[in-house]
Amino acid sequence: MPELPEVETVRRDLTRSLAGKRITQVEILNTGSLKGATPKGFLGEISGRSFTRFGRRGKYLILHLDTGKVLVVHLKMTGVLQYQQKGDSLPRAARIIFYFSGGQRLVFSDQRKFGSIELAGDAGTIPSLQEMGPEPLEKDFTSEALKERLGGRRGPIKPLLLDQSIVAGLGNIYAAEALHRAAIAPQRPADQLSGPELKKLHRAIIQVLKEAIAARGSSVDTYRDGQGKKGWFQVKHRVYGKQGNKCRRCGGTIVKEIFRGRGTYWCPKCQR
DNA sequence: CGAGTTTCCTGCGCGC
DNA sequence: TGCGCGCAGGAAACTC
Ligand SMILES: [Zn+2]
């Protein structure tokens, strides 16, 4: 599942691959993957254009066109954006393909069709982007900012970490990993976290995201980077997907539980 | 406003 | 080996 580190890896890859390339043609294989324009309108807006800048906000990738318009991409669970050379084999789940003048292509594939590419005048017009919380790797994400965003909410901390309006870019993997590093149980009511615990959590979020970016993300399922290659942070996971294993901190057994309808991985012995 | 529930979609793993 | 079923999950849309 692409979360902040995976989307950031793709952003960096595409920045290198696509700079200065002109789009000659677009092929829409699944119209449901396209938002903000009809297929015909999309072709008209995109053909002949080039990408000028590659941004990210939370798990959204923002591709700026030379017209000033943007493509806002969300990979959701199984979306992949990969740059291919002429002759590379097309992914089975290819949904939208951008062709470039040199014969290369950018392929958006998405097995479960949850992801999308939205054409917009600018990123600010998209409601979910307007409501996005602080970027955890920016300077304004302080432990005070985290506390303020949690705003005395009484619900359990884990679902709140998945709420993009509280912190941008965390998903099931990195919420679990950050809570384990901070030794906080997923069920703990957010308003009962102490000052030191919030500081530890804040630090854990930043550290795990930075380490994951350095490892080019977690390829637990279908995730691939901008070159179609796997990341390797999954081998560094301490709780996510590690049910039945021993906790590296306390020797306890990692469990997987369904909590609030989501798979939740944690160590009941050292996460309190 | 917050909190809970449903929906989207399809490959995979499981049980028989 | 083959079949059918249930599961996984981010976030929008909905209800209470
Ligand atoms: Zn432990």
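**Entry 1: α1 and α7**

I looked up the crossing of α1 and α7 and found it right-handed. Right-handed means the near helix is turned clockwise from the far one by less than a right angle, left-handed anticlockwise. I note that this is a predicted model, where local features need pLDDT of at least 70, side-chain atom pairs count only at pLDDT 80 or more, and totals for chains, interfaces and linings use all residues. Residues are numbered from 1 along each chain as its sequence is written, chains are lettered from A and ligands numbered from 1 in the order in which they are written, and side-chain values use heavy atoms, with hydrogens and water left out.

The axes of α1 (4-18) and α7 (195-214) come within 9 Å and cross at roughly 40°. Helices here are DSSP runs of H or I with at least four residues, strands are runs of E with at least two, and both are numbered from the N terminus. I read axes as lines fitted to C-alpha atoms, for helices over the stretch in contact, with angles from 0 to 180 degrees between N-to-C directions. The two helices α1 and α7 are therefore oblique to each other. Under 35 degrees counts as roughly parallel, over 145 as roughly antiparallel, 65 to 115 as roughly perpendicular, and the rest as oblique.

From α1, the contact uses Leu4, Pro5, Glu8, Thr9 and Arg12. From α7 come Leu209, Ala212 and Ile213. Contact means heavy atoms within 4.5 Å. I sorted the residues of the contact of α1 with α7 into 5 nonpolar, 1 polar and 2 charged. Nonpolar covers Ala, Val, Leu, Ile, Met, Phe, Trp, Tyr, Cys and Pro; charged covers Asp, Glu, Lys and Arg; the others, Gly among them, are polar.

**Entry 2: α4 and α7**

I turned to α4 (143-150). The axes of α4 and α7 come within 9 Å and cross at roughly 105°. The pair α4 and α7 is therefore roughly perpendicular. On α4 I list Ser143, Leu146, Lys147 and Leu150, which meet Leu198, Lys199, Leu201, His202 and Ile205 in α7. The contact of α4 with α7 has 5 nonpolar, 2 polar and 2 charged residues.

How many residues of α6 are buried? I found 10 of the 10 in this helix (residues 172-181), so it is largely enclosed by the rest of the structure. Buried means under 20% relative accessible area, exposed over 50%, and partly exposed in between (1.4 Å probe, protein chains only). Among the buried residues of α6 are Asn172, Glu177 and Arg181. The buried residues of α6 pack against α1, α5, α7 and β11 (262-266).

Just after α6, Ala183 takes a positive phi of about 60°. Ala183 sits in the loop between α6 and α7, and it counts as buried at 18% relative accessibility. Arg216 also has a positive phi, near 60°, in a residue other than glycine. I placed Arg216 in the loop between α7 and β10 (255-259). Arg216 is partly exposed at 23%.

**Entry 3: annotated arginines**

The UniProt annotation "binding site" (unreviewed entry) covers Arg112 and Arg153. They span 42 residues in sequence, and the farthest two C-alpha atoms are 33.0 Å apart, so they do not all gather at one spot. UniProt positions are in the numbering used here, feature names are shortened, and annotations may be inferred rather than shown by experiment.

I found Arg112 in the loop between β8 (105-110) and β9 (116-120). Arg112 is partly exposed at 41%. Not counting residues up to four places away in sequence, Arg112 touches Met77, Thr78 and Asp221.

I found Arg153 in the loop between α4 and α5 (157-162). Arg153 is partly exposed at 39%. Leaving aside neighbours within four places in sequence, Arg153 has contacts including Leu160, Asp163 and Asp191.
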